[in-house]
Amino acid sequence: MSKITSIKNYLTKPSKCYIPKCKAKCCINAPLPEGFLPSHADKVQRKIYSAFNMGQNDIRDTYNSIIYSTRPITFIGYDIEGKALYGITKETMEKYQLKSMQDIQEFINYFDDNKFYNYCPFIDVYARCSVYESRPPICKEFGTLPGDLNVCPEKASLLEIFKSKTSELFDFRVTFNRLKNFFSRKTPKAE
């Protein structure tokens, strides 16, 4: 392999977590430890419609895990034919006036078709974690264990990170706003 090819591979290989590129796909249906949300309730970023206690998520866990639903439908699992099973609270059915199985199916299809994912309640609209410093073990372990389910699909290459950083320099609106903010600062008056 030539040096040019090896440099090209090095720059284009997905290798780093880069928050501006992240779509937080690993934070969908996140099983959080049972007492985690109550102890961090002040950092919740999304409305919680319901919760599903799934028991132990991993054989090493000493606690039950709960999946909080941040969309009006709760994913429960799969039936024997592989079809997704959902739960809908009584309050949601009354609020959205769901009266028949056809209404319920259309409601579920709307959320699935429009890709309204069930993000972790701590993920904000910019796909950033509000409890990153004290995140639970499952979040810290993601990306460290073998297997396809544990691979982040959003890792960025060094070239993508470089392009993202340099594009800000050439975005004249951003530069203009930064300059405007800098010059509009009020200087404190001497007494």
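In which loop does Q97 lie?

1. Confidence. The structure is a predicted model. The protein chain has a mean pLDDT of 78, with 80% of its residues at 70 or more. Confidence is highest in helix α2 (residues 36-39), at a mean of 92, and lowest in helix α6 (residues 158-169), at 72.

2. Q97. This residue is placed in the loop that lies between α3 (90-95) and α4 (101-113). Although Q97 is not a glycine, its phi is positive, at about 55°. Q97 counts as exposed, its relative accessibility being 56%. As background to this point, most residues other than glycine have a negative phi.

3. N29. A positive phi of about 55° is also found at N29, which is not a glycine. N29 belongs to the loop between α1 (3-12) and β1 (31-33).

4. Sheet architecture. An open sheet is formed by three strands, ordered β1-β3-β2, with antiparallel pairing. β1 and β2 (50-55) are the edge strands; each has a single partner strand, and therefore one side of each is left without a neighbour in the sheet. On average, neighbouring strands of this sheet are turned by 40° against each other, direction ignored.

5. The β2 and β3 pairing. Strand β3 (residues 65-69) pairs with β2 in the antiparallel sense, over five bridges.

Key. Residues numbered from 1 in each chain as written. Predicted model: local features only at pLDDT ≥ 70, side-chain atom pairs only at ≥ 80, totals over all residues. Heavy atoms only, no water. pLDDT = per-residue confidence, 0-100. Helix = DSSP H or I, 4+ residues; strand = E, 2+ residues; numbered from the N terminus. Buried < 20%, exposed > 50% of the residue type's maximum accessible area, 1.4 Å probe, protein only. Pairing = 2+ DSSP bridges. Axes fitted to C-alpha atoms, helices over the stretch in contact; angles between N-to-C directions.
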